[in-house]
Amino acid sequence: MGELDEAFIQAPEHRPNTHLTNSNDFIYSDEIPTIDLSSLRDPDHDKTAIAAEIAEACKRWGFFQVINHGLPSDLRRRVEEACAEFFNLSTEEKRKVKRDEVNPMGYHDEEHTKNVRDWKEIFDFFLQDSTIVPATPDPEDTELRKLTNQWPQNPSHFREVCQEYAREVEKLAFRLLELVSISLGLPGDRLTGFFNEQTSFLRFNHYPPCPNPELALGVGRHKDGGALTVLAQDSVGGLQVSRRSDGQWIPVKPISDALIINIGNCIQVWTNDKYWSAEHRVVVNTSKKRFSIPFFFFPSHEANIAPLEELISEENPPCYKKYNWGKFFVSRNRSDFKKLEVENIQIDHFKA
Ligand SMILES: O=C(O)CCC(=O)C(=O)O
Ligand SMILES: [Fe+2]
């Protein structure tokens, strides 16, 4: 990506702590919980103990790592290889599957978070090869649009590996959704209906070494908009989470084969702020490239998101007004695509 263009420069208050940005001396904190899912292998095993751990992590952090999660490690290696091979292609080759203003799926090297450019390139694909979303963010416009993935010709096995990984990670996401429901004292399938025609997608992130890591970010601070995110990060490190208790930036330690789970806006709204969707960001460094692969578990376009009625009462009135997921999704997508003059959409805009 060469030199640091002005578009990448963060406002002074959002710049990372320079002594943390050299990849050799990240300071890791063990405070973000790691949850062992091995007992889920036995379908008759009581899920309440794991659900209690999840409840604690979702309240205090909105972030946790899972180990023994059932996603095959050889598949993870294969998808990581395919991801690295894709980004190794020439820019010309990658731009053959470039996203545009209508179709947000494909390759993109001008991602913006909160209107500042991110130091990274990405490749996105929907879980469902064709996915239905609203045509525009305008609340009055009821027109829908069917979007399809753009697959590169190379690497030759790329599409197959991506889709195999997507199916496995989706299974894990549904298991986690069930555990979240149980952890709230709700039936395990309480939230499943929101995902009948899901808009979930996967992203490959490539963060090249950056000449000025003290000025830019791989991804600026943000909260994930959907229900939850299942993230595979490599061993380089750089992801930081804002701690709910005091807003301190805490690095998320790379653990081999673990997956990082973070609560998105929808779960924060469904639980009426009981569970937390944490702000997070990615710092870059001068020497090592980094890859990460998030799966964004997103509801159907027609899902309306509001605090769950079982979780509200006179003492705990709803903190949010209802909003439509599809409109939120397309609005957020626009602001990621290029710099806009307006603030991008946040759940705070729906505060009751
Ligand atoms: O690369 C990472 O570790 C996190 C990326 C991220 O937060 C995102 O793509 O939403
Ligand atoms: Fe994120």
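Leaving aside residues up to four places away in sequence, L228 touches A173, L176, I261, N262, I263, G264, I267 and F297; two residues are in contact if their C-beta atoms, placed from the backbone, lie within 7 Å. Together with A173 and V230, L228 touches the most other members of the largest nonpolar core, which has 81 residues. Such a core is a set of buried Ala, Val, Leu, Ile, Met, Phe, Trp, Tyr and Cys residues joined through C-beta atoms within 7 Å. A residue is buried if 20 or more other C-beta atoms lie within 10 Å of its own, exposed if 12 or fewer, and partly exposed in between, with C-beta atoms placed from the backbone.

Before going on, a word on conventions. Residues are numbered from 1 along each chain as its sequence is written, while chains are lettered from A and ligands numbered from 1 in the order in which they are written. This is a predicted model, where local features need pLDDT of at least 70 and side-chain atom pairs count only at pLDDT 80 or more, while totals for chains, interfaces and linings use all residues.

Back to the core: α5 gives the most to it, with nine residues. The buried residues of this helix are C162, Y165, V169, L172, A173, L176, L177, E178, L179, V180 and S183. Helix α5 covers residues 158-183, and its 26 residues should span 38 Å at 1.5 Å a residue; the end C-alpha atoms are 37 Å apart, which agrees. The expected span is 1.5 Å times one less than the number of residues. After α5 comes G185, with a positive phi near 80°.

Now step back to the whole chain. It has seven helices and 18 strands, where helices (H or I, at least four residues) and strands (E, at least two) are DSSP runs numbered from the N terminus. For 352 residues, a compact globule would have a radius of gyration near 20 Å, and the chain agrees with its 19 Å; the radius is taken over C-alpha atoms, and the globule rule is 2.2 Å times the number of residues to the power 0.38. Of the 352 residues, 40% are buried. Among contacts between residues at least 6 apart in sequence, 78% join residues at least 24 apart.

Ligand 1 comes next. Around it are R203, N205, V219, D224, L231, Q233, L239, H280, V282, S292 and P294, a residue being near if its C-beta atom, placed from the backbone, lies within 6 Å. The elements giving two or more residues to this shell are β9 (201-207), β11 (228-233), β15 (280-282) and β16 (290-297). By type, the shell has five nonpolar, four polar and two charged residues; Ala, Val, Leu, Ile, Met, Phe, Trp, Tyr, Cys and Pro count as nonpolar, Asp, Glu, Lys and Arg as charged, and the others, Gly among them, as polar.

Finally, two loops deserve a look. K114, in the loop between β4 (112-113) and β5 (116-117), has a positive phi of about 50° although it is not a glycine. K114 counts as partly exposed because it has 17 C-beta neighbours inside 10 Å. D257, in the loop between β13 (249-251) and β14 (259-263), has a positive phi near 75°, and with 12 other C-beta atoms within 10 Å D257 is exposed.
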